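This briefing sets out selected features of the structure shown below. The points are grouped by topic for reference alongside the coordinates.

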Amino acid sequence: MVSTDLLEILRCPVCVSGPTRRPGEDPGQLELVKETWLVCTEEGCGHKYPIRDDIPVMLIEEGAKWVDV
């Protein structure tokens, strides 16, 4: 299980970096879904990051695989 402290600080790397950075004070917040996914709550993003062996896989390429799922 991913700790709640970690969940509070993790953000979607797409929404907080470089040219894809979203406006706002705290963009890219993530929601834990079924203990196996971190889903970006930013409107229009849709990136989903899997949790494997209790470790969130926060790679942009990994999150992009699941946008349409």
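**Salt bridges and strand pairing**

Lys-65 has a relative accessibility of 56% and therefore counts as exposed. The model in which this residue is described is a predicted one. Lys-65 belongs to a network of salt bridges that also links Arg-52 and Glu-62. In total, the structure holds three salt bridges. The strands form an open sheet of four, in the order S1-S2-S3-S4, with antiparallel pairing.

- The side chains of Lys-65 and Glu-62 meet in a salt bridge, at 3.2 Å from N to O.
- Both residues of this pair, Glu-62 and Lys-65, lie in helix H3, where they are three residues apart, about one turn of the helix.
- Glu-62 also meets the side chain of Arg-52 in a salt bridge, with an N to O distance of 2.7 Å.
- This second pair links distant parts of the chain, since Arg-52 is in strand S3 and Glu-62 is in helix H3 (residues 60-65), 10 residues apart.
- Glu-62 has a relative accessibility of 8%, and it therefore counts as buried.
- Arg-52 is partly exposed, its relative accessible area being 42%.
- Side chains of opposite charge can pair when their charged atoms come close.

**The salt bridge of Asp-26 and Arg-11**

- Asp-26 forms a salt bridge with Arg-11, in which the closest N and O atoms are 2.8 Å apart.
- Distant parts of the chain are linked by this pair: Asp-26 is in the loop between helix H2 (13-16) and S1, while Arg-11 is in the loop between helix H1 (4-9) and H2, 15 residues apart.
- Asp-26 is partly exposed, with a relative accessible area of 37%.
- Arg-11 is likewise partly exposed, with a relative accessible area of 21%.

**A buried lysine without a salt bridge**

- Lys-48 is found in strand S3.
- Lys-48 is buried yet has no salt bridge, and the nearest side chain of opposite charge, Asp-68, is 7.1 Å away.
- A polar atom of the Lys-48 side chain lies 3.2 Å from the backbone oxygen of Gly-46.
- The backbone oxygen of Val-67 also lies 3.2 Å from a polar atom of the Lys-48 side chain.
- Leaving aside residues up to four places away in sequence, Lys-48 touches Trp-37, Leu-38, Val-39, Glu-62, Gly-63, Trp-66, Val-67 and Val-69.

- S1 is joined to strand S2 (residues 37-40) by four bridges, and the two strands run antiparallel.
- Within this pairing, the bridge partner of Leu-32 in S2 is Leu-38.
- S1 and S2 form a hairpin with three residues between them, and Lys-34 in the turn has a positive phi of about 55°.
- S2 and S3 pair in the antiparallel sense over three bridges.
- Leu-38, the partner of Leu-32, stands opposite Tyr-49 in S3.
- Strand S3 (residues 48-52) pairs with S4 over two bridges, again in the antiparallel sense.
- Arg-52 has Ile-55 as its bridge partner in S4, and the side chain of Arg-52 meets that of Glu-62 in a salt bridge.

- Gly-28 is buried, with a relative accessible area of 0%.
- Gly-28 and Cys-15 are 13 residues apart in sequence, and their C-alpha atoms are 5.0 Å apart in space.
- Not counting residues up to four places away in sequence, Gly-28 touches Leu-10, Arg-11, Cys-12, Cys-15, Cys-40 and Glu-42.
- One of these contacts, Arg-11, forms the salt bridge with Asp-26.

Terms used:
Residues are numbered from 1 along each chain as its sequence is written. This is a predicted model: local features need pLDDT of at least 70, side-chain atom pairs count only at pLDDT 80 or more; totals for chains, interfaces and linings use all residues. Side-chain values use heavy atoms; hydrogens and water are left out. Two strands pair if DSSP finds at least two bridges between them. A salt bridge is a side-chain nitrogen of Lys or Arg within 4 Å of a carboxyl oxygen of Asp or Glu. Buried means under 20% relative accessible area, exposed over 50%, partly exposed in between (1.4 Å probe, protein chains only). Lys and Arg count as positive and Asp and Glu as negative; His and the chain ends are not counted. A polar contact is a pair of N or O atoms within 3.5 Å; within protein, one must be able to donate a hydrogen and the other to accept it, and residues adjacent in sequence count only if both atoms are side-chain atoms. Contact means heavy atoms within 4.5 Å.
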